[in-house]
Amino acid sequence: MKQQLLSRKATCNSHGQDSSYFLGWQEYEKNPYDEIKNPRGIIQMGLAENQLSFDLIESWLANNPDPVSLMRDNVSIFRELALFQDYHGMPAFKEALAQFMSEIRENEVHFDPNKLVLTAGATSANETLMFCLAERGDAFLLPTPYYPGFDRDLKWRTGVEIIPIHCSSSNGFQITENALEDAYRRAQKKKLRVKGVLITNPSNPLGTTAKRGELDLLLRFISVKGIHLISDEIYSGTVFTSPDFTSIAEALKEVKDYDKVRNRVHIVYSLSKDLGLPGFRVGAIYSDNDTVVEAATKMSSFGLVSSQTQYLLSAILSDKKFTRNYIAENHKRLKERHSMLVQGLKNAGIGTLESNAGLFCWVDMRHLLSSKTFEGEMELWKKILFEVGLNISPGSSCHCTEPGWFRMCFANMSQDTLNLSMERLKNFVDRVDQSRGGRRSKNLSTVANWVFLLSSSNRERERS
């Protein structure tokens, strides 16, 4: 027998790369829109990046050359940063990050930097928590729709299974007790041991903040079941209008059995969305569970945040005047850009789920489906991708149970590009309406002719 030279992990197809979420990216990369070089190219609306406030950070960097130059008090610290750093992270950066997390939450909660574990982005943080909390073949419950990348981040290397908590548009996709219990029963029926629930708050892809009642429900649920709760809060600094954001850390403070539950609640955070720095690869786990913090810290050696990155960001986040102004201005810009997208979609006859956070909208295109099926959704997605030239994320890639919903990002492009995308989409919808109108007119004409012939036949019989 020929020896298998590669591992099953290397040759398996469980990465999730064949999802339409990633396939859309691939098509965009083959034909990216450029105002000058490729004006007919595909506009990327499937990437949740915050590029609206780069100028604020660039201005700070220009006015604070020392951190950029790896200097401290006009003295080079290059050698200090170039040498090996302990994987616990730089204390100054962890302190600054903990304070920034509190500031985003309007100081309703405070974070102990000693309970922070630094990771190379939220992707690494979520996977690390899976390794800490579950064994291969265990399950986590996730409310739908959820971020398509979780199929990769949570499952691929860990072997953990995802059981969807089916949420419905009838209540704005809120989590209900019945939906939680149903997901738990389905996991048990599959003989899977449920180890926890993972939510994104604010939600990706909905762009909504979890209501306090939902958070209280989740805390009661994990208390009764004796399982964990992970709250991925990487969009916590993108809440641009009411209702305000409530962190699970804030809700946890008022739980009756706080001491029983607190070591089973874990928060994931990142600077990828709030500061728009996904390329810096800065994420974090926050937990009251000492064993989790210790284990996750050891695991973080496989994905450390570089010393120069920590040094630069500790300087930025320690400037309270800057962070205060940045948060306020970023919220303002996100709100304006969100309104532009919603109005552009409205002009095209397309509605959205009411949202107050994130870098995207959850868009309702059910009326444009040729059939109310996921096959109809994929047909529409391909038309929008290849004919309209917009890469958006179909709801099926987010495991939405209702065909016809799409995630559309708005903060990773210029205002002119967003306007162009809405112009393209409106032209497409107009063509669809005209086509359907033509078919309706033809059908009505056929019916009218049939009625005329029928009435004529009746009159002939009456004369005879």
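Which strands does helix H16 lie across, and at about how many degrees to S15 does it run? In this predicted model, H16 (residues 374-388) sits across S14 and S15, at about 30 degrees to S15.

Those two strands belong to an open sheet of 4 strands, ordered S11-S12-S15-S14, with antiparallel pairing. S11 (351-352) and S14 (393-394) are the edge strands: each has a single partner strand, so one side of each goes without a neighbour in the sheet. Strands of a sheet pair through backbone hydrogen bonds, in either a parallel or an antiparallel way. Take S11 and S12 (residues 360-364), which are antiparallel and joined over 2 bridges. Here Gly351 has Asp364 in S12 as its bridge partner. Helix H15 (residues 320-347) packs on this sheet too, where H15 touches S11, S12 and S15 (405-409), and its direction makes about 15 degrees with that of S12.

Now hop over to helix H9 (residues 177-189). Ala179, Leu180, Ala183, Tyr184 and Ala187 of H9 are buried. They cover an arc of only 135 degrees around the axis, which puts them on the same side of H9. The general rule is handy here: an α-helix has 3.6 residues a turn, so residues three or four places apart point the same way.

What do the buried residues of H9 pack against? Their partners are strands S5 (139-143), S6 (161-165) and S7 (194-200), along with helix H10 (212-225). On the face turned away from the buried side, you'll find the exposed residues Asn178 and Lys189. After H9 comes Lys191, with a positive phi near 60 degrees.

Notes
Residues numbered from 1 in each chain as written. Predicted model: local features only at pLDDT ≥ 70, side-chain atom pairs only at ≥ 80, totals over all residues. Heavy atoms only, no water. Pairing = 2+ DSSP bridges. Contact = heavy atoms within 4.5 Å. Axes fitted to C-alpha atoms, helices over the stretch in contact; angles between N-to-C directions. Buried < 20%, exposed > 50% of the residue type's maximum accessible area, 1.4 Å probe, protein only. Arc of directions from axis to C-beta.
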